[in-house]
Structure formats: C-alpha cells, structure tokens
Amino acid sequence: MTQLPLFQRRKVLAAGGLAAASLALPSAIAQQPKWPAKPIRIIVAFPPGGLTDAYARLYAEQLTAKFGIQAIVENKPGAGAILAIDAVAKSPADGYTLLMTTSGTVWQNRVLYNKLPYNLDKDLTPVAFYPSGPLIVGVPEKIGVRTFRELIAYAKQNPTNMGSYAPGAYPQMVADQTNRNEGTKIQTINYRGEAPMWVDLAGGQVQVAIGSYQSFATVQQRGVRAIGVTGSYRSPKLPDVPTLTEQGIEGRLVTLEGGLPVMAPAGTPEAVLQALSQVVVEGANTPRAAQLRETFAIPNKPKNLKETRADWERDVPVWIKLAVDLEIKLD
C-alpha cells in the first residue's frame with residue numbers, strides 16, 4: 001500500500017479535524033443551557049419602602065412576564081450597601097443574580113472607602129439605569145426655614161443634622177459641600193434607607209433631609225416643608241419649589257442627577273445583558289411603569305445598556321472627583 005508523503009498526511013488529518021469540528025459545533029451550541037431557565041434574584045441594597053425597592057419590584061414583575069420565570073426581590077440593606085453589592089459581586093456571572101442600588105454606592109464609594117470586599121471597576125457591570133428625578137430637600141416646618149439660604153443661616157446659629165439614606169450618599173455630600181462653602185457645621189446622620197430618615201425628620205430628630213419625592217410625600221402632611229430640589233429642573237410635583245441652583249447655591253454637585261442602576265456580575269454574557277436591559281426599556285412604556293414615575297415625580301424613562309455604558313464613562317469620573325475633593329472617608 002502506497003503511503004502518502006508526510007505533508008499530505010498532515011493536510012488530510014487537518015481536513016478531517018476541521019470536518020469533525022464543524023459537525024460537532026451545532027451539537028455544542030445546542031447543548032448550551034437555555035437562559036433563563038430558573039428564577040432570577042434581584043438583590044436590593046435598601047429596605048422596602050423607597051424608590052430603589054419600588055423599581056426593583058416593578059422590574060421583577062416585568063422579568064416574570066417576559067420570560068415566564070419567577071423573579072425574586074431580596075432586600076439586603078446595611079453597611080452602606082456593601083452587603084448587597086458584595087453578594088452580587090461574588091455570584092456566578094450567569095444572569096441569575098442582579099443588583100439594584102443607588103448610583104453613589106457603585107460610583108463614589110470606590111474612593112469613600114479605603115478597603116472594600118470587592119472591586120467596583122472589575123467585579124460588576126451595568127445593565128440599565130433608572131433616573132431618580134429631582135431629589136427633595138425637606139425641613140420641619142417648625143424651624144421656620146423656607147429656602148436653602150435660610151437653612152444655611154439657621155445652621156450657623158443652631159445645631160443642625162442632615163439625614164442621609166446611606167453613608168456617603170448624595171445628602172452627605174451636599175452637607176459636606178455646604179460646610180466647606182458656607183462655614184456651617186451640619187452633621188450627617190446615616191439611615192438604612194429613606195423611610196426612617198423622613199420619619200425622624202417629621203419628628204424633629206434631624207433638621208434637614210434629601211430624598212425622593214414619594215418618600216417625602218409620606219410625611220409632607222406631618223409638618224414637613226420642601227425648601228428646594230436638586231438637579232437641573234424642578235420637580236413636576238412641586239413646580240413652585242426652586243432648584244438649589246436657582247437659589248444661588250453654587251457647585252457641580254447640586255446640578256447632578258444620580259439614579260438607580262441595575263447591575264450584574266462582571267463576565268455575564270453580552271446576550272444576557274442585552275436581554276435584561278431590553279426588559280427595562282420595554283417595561284418603561286407600560287401603564288404600571290408610567291404610574292410609578294408619576295408617583296415618584298420622575299419625568300424621564302430608564303436608559304438601555306448602550307446609554308448606560310455611555311453615562312458610566314461620562315459621569316462616574318465627575319462623581320469620583322467630587323468625592324475626592326470633599327475628602328469624605330467612611331472607614
């Protein structure tokens with residue numbers, strides 16, 4: 001029997017290997033597990049009752065309706081959202097564990113803490129972004145303050161505490177910036193979410209708080225007054241309350257609008273990220289989502305994966321620089 005030269009034998013063997021691989025490829029694809037094939041868990045970094053929890057529960061309903069699987073909301077508050085973020089960061093990157101939190105906890109926390117049990121640059125990836133709308137600056141009516149300028153004057157003469165829904169969150173940054181710019185000594189009292197913060201404000205335990213419209217509205221009839229809103233436009237629910245910028249408060253911080261990102265463990269397949277993001281976008285057009293935005297006075301719809309990534313590149317460095325400049329440290 002005639003034996004082929006070595007180089008021809010190699011060609012035949014290579015061709016046979018390619019043919020075998022091409023035959024095996026469809027089988028390998030077919031064997032990949034279908035997603036989603038089991039419940040999806042959404043871990044919320046705050047307790048029930050606030051905007052983050054409300055959006056997480058809406059998203060869970062939409063995931064269930066879209067994919068026919070159960071989506072479960074698990075509230076895991078504490079340690080400035082570190083507990084919830086850590087749980088997601090250490091979960092498999094398979095699209096079955098997601099995070100809902102505030103932007104500050106995954107943006108400026110990387111410089112507010114000297115040491116975290118995860119790497120915010122490497123361990124998590126954004127999926128979508130829910131805007132929070134203008135945040136309300138509220139005070140007890142009994143202190144006699146009607147504007148933010150009047151609050152500054154009050155704080156120079158009286159002990160003043162600022163309620164914050166999490167350590168290092170936006171309210172604490174506003175308090176620290178005000179202290180630096182105006183010579184006040186506003187102390188920050190950190191809470192595990194918005195609800196207890198607003199309750200204490202209504203009771204006079206703190207003299208000022210900043211948070212979502214809906215949570216503010218729960219105590220508005222209990223002697224709480226709105227004296228301003230953050231961001232670049234007025235709240236649709238409080239059109240007569242001027243922004244802090246309109247009141248002459250300077251600084252980039254008071255014009256910025258944070259939000260509520262949906263995040264997944266880094267390494268989650270791109271197709272899964274796209275599918276998860278698409279549910280957010282499609283769900284924004286439902287009556288249920290429109291009602292939630294109406295309740296919380298949020299005029300803008302959530303952003304898809306591409307838009308969220310673009311915002312991440314543009315806004316995160318700004319928030320980080322503000323936190324660095326304020327020299328806030330939480331550990």
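**Helix 7 and its cover**

Tutor: The cover over the buried residues of helix 7 includes helix 6 (148-157), strand 6, strand 7, strand 8 and helix 12 (305-326). Cover here rests on contact, meaning heavy atoms within 4.5 Å. Helices (H or I, at least four residues) and strands (E, at least two) are DSSP runs, numbered from the N terminus. This is a predicted model: local features need pLDDT of at least 70, side-chain atom pairs count only at pLDDT 80 or more, and totals for chains, interfaces and linings use all residues. Residues are numbered from 1 along each chain as its sequence is written, and side-chain values use heavy atoms, with hydrogens and water left out.

Student: Which residues of helix 7 are buried?
Tutor: Buried means under 20% relative accessible area, exposed over 50%, partly exposed in between (1.4 Å probe, protein chains only). By that cut-off, the buried residues of helix 7 are Tyr 170, Pro 171, Gln 172, Met 173, Val 174, Ala 175, Gln 177, Thr 178 and Asn 179.

Student: How far apart are the end C-alpha atoms of helix 7?
Tutor: The expected span of a helix is 1.5 Å times one less than its number of residues. Helix 7 (residues 170-182) has 13 residues, so it should span 18 Å. The end C-alpha atoms agree with this, at 18 Å apart.

Student: Which residue takes a positive phi just after helix 7?
Tutor: Look just past the end of helix 7. The phi there is about 80°, and the residue is Gly 183.

Student: What is the bridge partner of Gly 138 in strand 8?
Tutor: Strand 5 (residues 136-140) and strand 8 (residues 208-211) run antiparallel, joined by three bridges. Across from Gly 138, the partner in strand 8 is Ala 209.

Student: Which residue in strand 10 stands opposite Leu 99?
Tutor: A second open sheet has the order 2-1-3-10-4, with mixed pairing. In it, strand 3 (residues 97-100) and strand 10 run antiparallel, joined by two bridges. Opposite Leu 99 stands Met 263.

Student: Within what arc do the buried residues of helix 11 fall?
Tutor: The buried residues of helix 11 (residues 287-296) are Ala 289, Leu 292, Arg 293 and Phe 296. The arc is that of the directions from the helix axis to the C-beta atoms. The buried residues line one face of helix 11, because they fall within an arc of 95°.

Student: Is Ser 235 buried or exposed?
Tutor: Ser 235 sits in the loop between strand 9 and strand 10 (259-265). Beyond its neighbours within four places in sequence, Ser 235 is in contact with Pro 134, Ile 136, Val 229 and Ala 297. Its relative accessible area is 2%, so Ser 235 is buried.

Technical notes: Two strands pair if DSSP finds at least two bridges between them.
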